[in-house]
Amino acid sequence: MMAASPSTSSSTTLNSRFDLTTAQRLLWLGQKLVPESPLYNMAFLFTLGGKVDAGHFQAAFQAVVDRSDTLRTVIDEASGTAKQQVLPPFDFRLLVLDFSAQENPVAAARDWAEVRVRSPFDLSQCLFDTALIYLGQNRTVWYLNQHHLITDISSVKQLVETVGEFYARSLSGTLQTANPLTPYAALDLPTPSTRCIDYWRACELQPVALYHRSAETISARTRRVHCEIDEKRTAALKELSMHSSAAALTPALSLFNLVAGLLFAYLYRVSVQGQGRQQLAIATPAHGRPTKALKETLGVFIELFPLLSEIEESETFSSLLAKVREASGALLRHAEPGASEFAPSRDVNVVLNFIPAQLSDFAGMSVRSEWIHAGAGDPRHHLRLQVHDFDGRGRLQLHFDLNEDLFERELQDRVPTHFLALVDAVLADPEQLISSVDLLGDEERSQLAALGSCKPVNADVTVVESFEQTVQQNASVTAVICGAESLTYEQLNAQVNRLASYLRSQGVSTEIPVGICLRRSTEMLIAVLAVLKAGGAYVPIEPSHPVERISYILEDMQIGWVLTHSALTDRLIGKAQLIALDAIELSHWSDTDLDSSPQPQNLAYLLYTSGSTGQPKGVAVEHRNLANYVQWAISKYVRGRQLSFPLFSPLAFDLTVTSIFVPLLSGGQVVVYPDSDEPLDLSLQRIVQENAVDVIKLTPSHLALIQGMRLGSRLKTLILGGEDLKSALASAIASSSQQPLEIYNEYGPTEATVGCMIHSFDSEDKAASVPIGQPAAGSEIYL
Amino acid sequence: MDNQEILKKFISEDLLNSRQRVEADDDLLGEEIIDSMGVMRLVAFVEETFSCKVPQSDITITNFRTIKAIDTYLAARSL
């Protein structure tokens, strides 16, 4: 492998300090921004197909340390500017571990590596870390971690093969006669031409808001989601790349074009589709090793360059691939070493790292590689897609490295499905429209179908049963707070049971409508729960509504009982029996749970909406619909926490259903904000000022009322429902929060039980309509 | 030195650093003797040496597969 090299190491021994290359300088700057992050640790576990002798391995690795300056290179910052410093040859001590006694040696080695890789390097000391791990039964794994400052993927391949060659020489006693390796630090790379510099300087691009997510500042934490493309599809992709508009100079470039085209199509579909013609940009590394000698040199040569493509609604895979082929040709033509610093790469937030390199063998032994992810990546990059078949498995490996601040786990896990749908689509018909490909996997489709049609999730358990279970689990937890008063779950349930028992005694039973005409109070909550426990259906009656409207509702439903307050009875005209909760004595009624409860198909409540004819229109909701919505909302918004919700909206609004049942069925709290006598209800402003709740369910009109106010530290989530959400408004609110804020837009007609779909607003609009202020750091807007 | 010899010398010495010899009929691209980045280096060399502009659309497999092909392409350009 190592032909005689004209280079000698004499020049490197004279001077041990060298300027950083452009590739190194950009990496060094990136590391400086997050000094404690292992974001540039490039680690692999190589499983070698045989027993490796630690003594010969040590000798082989020592020979590389001696013969190449790359592994001896560190960064010297003493003079104020970073320089490469080549250390004199040093004694390398191989770390040898034996996991053969472990129950699962393979898993133990991986666990060890995954912890080990997270330690950042001290740039001034040593930029590699390696170990040999015995797994028993002639199985050995080699852990190799290098800082990106001295390596890239070609260098990793080169190092594995060189250590392998030297290992074989050590075994055969010929190690001393091995040639020196091409020096790295002293390489004098030519400066880029003005043609290339001007080309990249003129390049303009915009980051893409993947899944409509964007943020000014995010952390360097990433998670790798892996999938592989099976043999059949991998072969078909290679074939297609050579016989489609992706076909270019070489098989590797053709396949790159196809993969890049798929990534563009994916980005388009999950970000800007529907907004007309768009220019998308990704960054992709040029390997920077145009000559054979550079190909054999250990070190970092890759530089990231932007790859741009326009894409429009009428784009087919074929037409896109032709554009990508042009773009990659232009990129390569201008990808001279050192030119990347003139490209606007910092505005690119998606990286495609397509690795055509393949490992050969290690001293005649097979090598299987596993790329160990350090859980970190450049925070500018929201997605890094690594595509390789480093082991020559015949199956393309896809690693989606996704920023943890920007994408929740559930979404991260769906990314491969979305991408693979496009892979299948291009293989099925490259002439089809990109915009018409169905991206959803079966699981996601069924989830969405469940949301879209409000199919029952867990609708067999009614809210009455769920509430009683919650009481058992949270007996002494505070359930309701109203001013200075509060009730625990146990106390609340006892009062509900007394009233329910009383209602039963009065004749309330299954599906009997019972009016509730109360101002917001603890009693209102007790009334709602008691009607349901008694088996009835509650009918909210807004005390502030005109008497005629109230009478209409009472008549229309032939309501037999109305739970109310003695101060409100003059508004309730009709035949209904009025039960003023402040005037009846319930202490002698049983406070234990009733022995029967409503069935899923029974009516739970009736809401009157303003009908289009002018007459109020009643909408009936069954227990199964209510239970379905509440369980779904708990899983979506609460996620195992105990959260406080304010009760501040009229009971007749369906959004109030969320504020009551979601906390009370998940061990959270309802904080009651009573109606005020002022003409304008200022409850919402008080909620924001008092900072006592975690979640607010509200309408966009409500949201407008608190626009400009500073949101407190406790508030975590806003759930919007009922009207169109203007994105500018949501953005403005997100930006007034000091901490990450989740904003959900939930919608659905009252008939569909509160909210059927959570929808997103468009963050592109957001950028356009919010001239000052961006969402606070880490703010997420769920769209 | 004719064009083919000039190209052979550049590819063998500058791109392959004398580690490999290339002949006029060797499939430079299909065998990946030089990769796409190497081709771009070659294009820059051709433009400089033969004082011509090679448009992006001319950088094709047909024109750059072999040294002979490049020679043919250059001859066609000078017609």
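At 0% relative accessibility, Thr297(A) counts as buried, where buried means under 20% relative accessible area, exposed over 50% and partly exposed in between (1.4 Å probe, protein chains only). The structure is a predicted model in which local features need pLDDT of at least 70 and side-chain atom pairs count only at pLDDT 80 or more, while totals for chains, interfaces and linings use all residues; side-chain values use heavy atoms, with hydrogens and water left out. Residues are numbered from 1 along each chain as its sequence is written, and chains are lettered from A and ligands numbered from 1 in the order in which they are written.

Thr297(A) is located in the loop between helix H9 (292–295) and strand E10 (303–311) of chain A. Helices (H or I, at least four residues) and strands (E, at least two) are DSSP runs, numbered from the N terminus. With neighbours within four places in sequence set aside, Thr297(A) is in contact with Ser155(A), Thr182(A), Pro183(A), Tyr184(A), Leu187(A) and Arg289(A), contact being defined as heavy atoms within 4.5 Å.

Two further loop residues concern backbone geometry. Most residues other than glycine have a negative phi. Tyr211(A), by contrast, has a positive phi, near 50 degrees. This residue, Tyr211(A), lies in the loop between helix H6 (194–201) and strand E8 (222–228) of chain A and counts as buried at 12% relative accessibility. Phi of Arg639(A) is also positive, near 50 degrees. Arg639(A) belongs to the loop between helix H17 (623–638) and E23 of chain A, and its relative accessibility of 40% places Arg639(A) in the partly exposed class.

Helix packing is illustrated by helix H8 (residues 251–272) and helix H10 (residues 317–333) of chain A, whose axes come within 9 Å and cross at roughly 120 degrees. Axes are lines fitted to C-alpha atoms, for helices over the stretch in contact, and angles run from 0 to 180 degrees between N-to-C directions. H8(A) and H10(A) are therefore oblique to each other, given that angles under 35 degrees count as roughly parallel, over 145 as roughly antiparallel, 65 to 115 as roughly perpendicular and the rest as oblique. The crossing of H8(A) past H10(A) is right-handed; a crossing has this hand if the near helix is turned clockwise from the far one by less than a right angle, and is left-handed if anticlockwise. On the H8(A) side, the contributing residues include Leu253(A), Phe256(A), Asn257(A) and Phe264(A), and those of H10(A) include Phe317(A), Leu321(A), Arg325(A) and Ser328(A). By class, the contact of H8(A) with H10(A) has 12 nonpolar, three polar and one charged residues (nonpolar: Ala, Val, Leu, Ile, Met, Phe, Trp, Tyr, Cys and Pro; charged: Asp, Glu, Lys and Arg; polar: the others, Gly among them). Ser328(A), situated in helix H10 of chain A, counts as buried at 2% relative accessibility. Beyond its neighbours within four places in sequence, Ser328(A) touches Leu253(A), Phe256(A), Asn257(A) and Leu307(A).

An open sheet of four strands with mixed pairing has the order E16-E15-E24-E23 (chain A); two strands pair if DSSP finds at least two bridges between them. E16 and strand E23 (644–647) of chain A stand at the edges with a single partner strand each, so one side of each is left without a neighbour in the sheet. Neighbouring strands of this sheet are turned by 20 degrees against each other on average, direction ignored. Strand E15 (residues 478–482) and strand E16 (residues 485–488) of chain A are antiparallel and share four bridges. These strands, E15(A) and E16(A), form a hairpin with two residues between them, and Gly483(A) in the turn has a positive phi of about 60 degrees. E15(A) also runs parallel to strand E24 (residues 669–672) of chain A, to which three bridges join it. Cys482(A) stands opposite Glu485(A) in E16(A) and opposite Val672(A) in E24(A). Helix H14 (residues 489–506) of chain A lies across E15 and E16 of chain A, at about 90 degrees to E16(A).

Strand E2 (residues 41–48) of chain A is antiparallel to E12(A), with six bridges joining them; Ala43(A) stands opposite Ile372(A) in E12(A).
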